Amino acid sequence: MLAAPVDKEARDRGAEQLRETWKTPKGFRYCTAVNNSEIGKWYALSAFFFMMCAGVLGLLIRVQLAVPDNDFLSADRFNQFFTMHGSAMMFLFAVPMFEAISILLLPGFLGARDMPFPRLSAYGFWCFLIGGIFVMSSVLFGVAPNSGWFMYPPLATEAEGMGSDIWLLGLSFIEVASIAAAVELIVGVLKCRPPGMRINLMPLYAWYVLVVGGMILFAFPPLIAGDFLFELQRSFDWPFFDPERGGDPMLWQHLFWIFGHPEVYIIFLPSIAIAAMVVPTAAQRPIVGYSWIVLSAVGTGFLSFGLWVHHMFTTGLPSMSLGFFSAASEAVVIPTGIQLFAFVATLMVGRVKMSLPMLFISGALAIFTAGGLTGVMVALAPFDWQAHDTYFVVAHLHYTLFGGMVFPLMAGVYYFFPFITKKTLSKRAGRIVFWLLFVGFNVTFLPMHLTGLMGMPRRVYTYPSVMGWDLLNLISSVGAFIVAAGFVVFAIDLLRPRGRQPFAPRNPWNAGTLEWSHDVPEENWGVRSVPYITSRYPLWEQENLVERMDEGRFYLPDAPELKRETLVTTVLDAKPIQCLRVTGPTWITIVAAVFTGGAFIFPTFHWYPPAIFCGGVAIASVIYWLWTATSQIPEKGKDVRDAGLSLKLPVYASGPASVGWWGVWITMLGDATAFASLVFGFVFYWTAKPDFPPAGTEHAMLSYLALGVAALVASWASIYRARIVNHQGKVATTRTLLVAAPLLAIAGSGLFYLSVANADLDPTRHVYPAIVWAVMIWTIVHTGGGVIMQCYCLAGAVFGKVTPEHDADLWNVTLYWHFVCLTVVVAGLTIGLMPRVM
Amino acid sequence: MAKTEQDEERRTLSEEADSLWMITFAGSIWAVHFVVCYGATAAVCAKLGGDAAAIMTLRLALGGFTLLALAGIAFVGWRSWVQWDFLNDWNYEHALAGKEHRHEFLGHASFLLSIISFIGVIYVSLPVLVLETCQ
């Protein structure tokens with residue numbers, strides 16, 4: 001059937017329909033685009049812009065430190081600069097850049113038309129941009145955070161001005177975008193693969209995205225929980241980190257580094273993933289040890305969570321505890337090493353062409369190995385006690401991040417540029433960029449090992465000449481300018497107009513993976529037709545694949561209804577199960593992002609009424625967007641789509657077959673992690689503080705609490721039952737249950753609130769009442785969200801958006817309520833029962 | 001028609017749920033072992049101070065728990081070795097389309113992960129063997 005030629009007229013008609021459906025809006029409506037190719041580009045360019053800003057701050061820091069007793073910067077400004085340099089590089093460059101590139105490339109790797117939730121990516125991007133500009137511009141007004149990118153209390157909690165609030169709220173806002181993108185990417189990998197691409201045939205990049213997406217889900221929420229507590233202390237004086245009132249600054253360090261250490265691997269793995277795509281192409285053969293690389297990615301993902309305390313070796317923890325973390329830090333070397341050896345093995349057995357991307361990969365291997373070796377050194381507690389807070393650590397972390405992230409990323413930019421823009425970057429300029437960066441980097445950071453060993457502490461804004469650090473610092477500063485020169489050349493080459501440059505060949509590197517089947521010149525439809533995949537390197541191993549894709553012989557070669565569509569397949573074996581209608585250009589994501597921004601940004605100025613208003617509008621816009629664009633019931637007779645090759649697929653799906661259900665499931669894993677971090681805080685205070693809970697204190701009122709939990713569990717049971725009876729076609733019972741569910745939830749939330757508010761628990765007096773309040777607030781915010789969702793389902797049932805056959809919304813809300821129910825029960829036990837038995 | 005296809009997802013998942021979960025088992029055992037070691041030590045050191053008898057009990061208990069974790073990982077490793085079925089066809093590439101390759105690939109990956117987790121657990125337990133005090 002595949003070999004049969006397609007009638008030319010039908011082929012042209014299909015192409016025209018696809019072109020019309022997927023066209024990018026023009027003029028000022030261009031910013032309403034939601035397609036992955038547009039969002040990915042904007043996202044990447046914004047992240048690059050913030051990197052350049054952070055780089056300028058780095059340069060200014062180096063200018064200040066070039067000579068002893070310098071007064072180029074004041075101490076306060078210096079503090080702001082190094083805080084923002086680190087924060088911006090981490091939150092505004094490294095993580096967003098991974099997400100940007102993945103959004104840009106992933107559909108290409110998977111032969112998909114787009115990501116499963118295009119509007120979610122757009123919303124994430126606009127949140128990121130607004131939050132990023134807000135946080136970054138604080139430097140210009142001299143009010144930037146100045147307590148270090150880790151924001152340790154009490155320095156950061158006591159810091160004057162709004163710097164700490166900007167950091168906390170601005171970056172929490174950006175984390176929302178990060179998590180949104182992570183959900184999108186995970187569901188994309190699991191559900192939007194082309195038919196036939198079983199889990200053992202996925203491109204390695206997709207494996208890494210899966211692992212890193214999972215890590216984001218478990219790493220970022222502890223920081224969000226920490227931010228929540230931190231901001232409660234800053235704004236309302238609840239003493240979570242104040243030892244005078246039972247708090248403990250160490251809790252922040254734990255929560256921060258449970259995020260902060262996996263973060264390093266969250267940055268590192270995607271860049272290694274780029275290497276995993278470049279290396280086989282350079283060697284012109286399939287990667288050696290596919291299973292080994294998958295193992296290393298997953299293994300690194302797990303082990304990297306056991307390392308957080310190695311940032312806290314000097315805080316006075318029991319030495320046995322330090323031992324566990326030191327050992328785990330050494331253990332993570334094993335999977336990391338396996339990945340690098342698999343690359344080297346691939347290069348050894350292949351016939352390597354030293355292309356520009358490969359040059360950058362080689363530089364990365366060299367620099368990262370050096371950084372890894374110093375990593376083994378500082379993972380040993382006694383050495384760390386010596387090197388802690390010196391420039392040795394600065395050298396180590398820059399070696400790992402430059403070698404592990406920046407260089408592979410540069411390789412990726414050169415490698416994928418023809419895919420993204422259909423043009424090539426200059427080879428000559430690329431070589432200049434490489435050598436400037438490679439030499440400049442080593443000139444800057446190699447001497448820092450010595451300055452550190454000679455005792456120069458980090459974060460000092462100046463130093464006296466007698467210490468003998470002068471020459472080394474001057475060399476570092478000169479090196480920093482060489483690096484900067486490299487980036488300037490790179491930026492010019494990247495951004496120069498290319499109107500007259502000829503198009504690049506379609507598969508310029510002769511690669512084997514699916515993204516190189518792209519159209520030159522650009523077409524916005526992703527793939528002309530979605531192919532059937534039977535190998536890991538289809539372009540090398542499946543004959544005539546690209547010709548057949550081009551001729552529309554595979555799936556979805558047209559768009560008769562002019563609706564954007566992509567295939568949804570099963571998780572393990574990629575059997576097609578649905579033709580998903582994805583959403584198109586819209587303003588609503590921008591509106592939602594602007595008001596979400598307001599809800600986070602106004603509280604930094606302590607303007608709460610406008611913040612609450614913005615929060616309300618943001619929720620309303622999201623509801624509008626969901627109501628008008630998701631889970632649309634197809635017209636009668638159009639609920640099955642002929643996808644081609646005799647494949648007929650439903651356009652509507654609910655439950656585990658739908659992408660929305662997976663999206664909720666994955667989001668809730670992250671949410672549950674944040675809640676677990678709060679409960680961890682509760683237990684932490686108990687172990688760390690002898691007076692927790694303080695003697696003679698009141699507890700949350702058991703009777704109210706028990707009733708509240710019971711009502712909320714009943715609300716969960718109602719919505720769960722509603723889903724089941726709705727499926728059986730009992731419409732009246734469904735509606736009754738859907739009315740009962742939110743009423744029970746409201747009553748339960750009220751009781752839950754009263755159980756704490758009516759007790760004599762003043763949250764500013766001691767950390768015990770404060771954490772009880774925090775757990776209570778967290779819980780009722782979630783039940784509140786649950787009430788909105790239940791009402792959404794009720795409205796859906798009344799207005800015909802939810803029917804016995806079309807019940808995706810009910811499935812998703814029930815899934816959300818499974819988690820709420822768990823949260824409620826655990827919260828009830830934590831604040832009601834635990835303190836009474838402690 | 002549409003309904004059967006929607007149920008396809010659940011059928012495949014239940015078919016392979018065992019081996020899909022198996023990938024995470026070894027790593028999860030490592031994680032649980034890690035958290036228990038850290039949590040128990042923190043609780044004993046913070047609440048009982050430097051009490052030598054308590055630390056001895058802690059070390060013995062963690063030692064026993066370590067053996068349990070290792071046994072668990074070894075079991076997962078054996079199960080996944082059987083699923084990989086290496087000695088049958090000497091296949092470690094699994095690069096072909098087809099259920100068998102997917103099935104064996106999942107076994108292979110979780111076998112390798114069990115090895116890493118096994119080593120990881122041993123690493124983490126070393127301090128329990130040598131350190132005799134909290135400080």
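Q: What makes the meeting of A:Arg536 and B:Glu93 a salt bridge?
A: In this predicted model, the side chains of A:Arg536 and B:Glu93 come to 3.8 Å, N to O. The cut-off is 4 Å between a side-chain nitrogen of Lys or Arg and a carboxyl oxygen of Asp or Glu. The pair therefore qualifies as a salt bridge.

Q: How many salt bridges and polar pairs are there between chain B and chain A?
A: The count is two salt bridges. Nine residue pairs are in polar contact, both residues at pLDDT 80 or more.

Q: Which elements of chain B give two or more residues to the side that touches chain A?
A: They are helix 1 (2-48), helix 2 (52-84) and helix 4 (99-130) of chain B. Helix 1 gives the largest share, 23 residues. By type, the residues on this side of chain B are 30 nonpolar, 13 polar and eleven charged.

Q: What is the area buried between chain B and chain A?
A: About 4,800 Å² is buried, with 72% from carbon and sulfur atoms. In contact are 54 residues of chain B and 59 of chain A.

Q: Why is A:His310 called buried?
A: Its relative accessibility is 18%. Buried means under 20%, so A:His310 counts as buried. A:His310 sits in the loop between helix 9 (290-303) and helix 10 (319-331) of chain A.

Q: How do you know that the side chains of A:His310 and A:His261 make a polar contact?
A: Their distance is 3.1 Å.

Conventions. Residues are numbered from 1 along each chain as its sequence is written. Chains are lettered from A and ligands numbered from 1 in the order in which they are written. This is a predicted model: local features need pLDDT of at least 70, side-chain atom pairs count only at pLDDT 80 or more; totals for chains, interfaces and linings use all residues. Side-chain values use heavy atoms; hydrogens and water are left out. Helices (H or I, at least four residues) and strands (E, at least two) are DSSP runs, numbered from the N terminus. Buried means under 20% relative accessible area, exposed over 50%, partly exposed in between (1.4 Å probe, protein chains only). A polar contact is a pair of N or O atoms within 3.5 Å; within protein, one must be able to donate a hydrogen and the other to accept it, and residues adjacent in sequence count only if both atoms are side-chain atoms. Contact means heavy atoms within 4.5 Å. Buried area is the accessible area (1.4 Å probe) that two parts lose on being put together, summed over both. Ala, Val, Leu, Ile, Met, Phe, Trp, Tyr, Cys and Pro count as nonpolar, Asp, Glu, Lys and Arg as charged, and the others, Gly among them, as polar.
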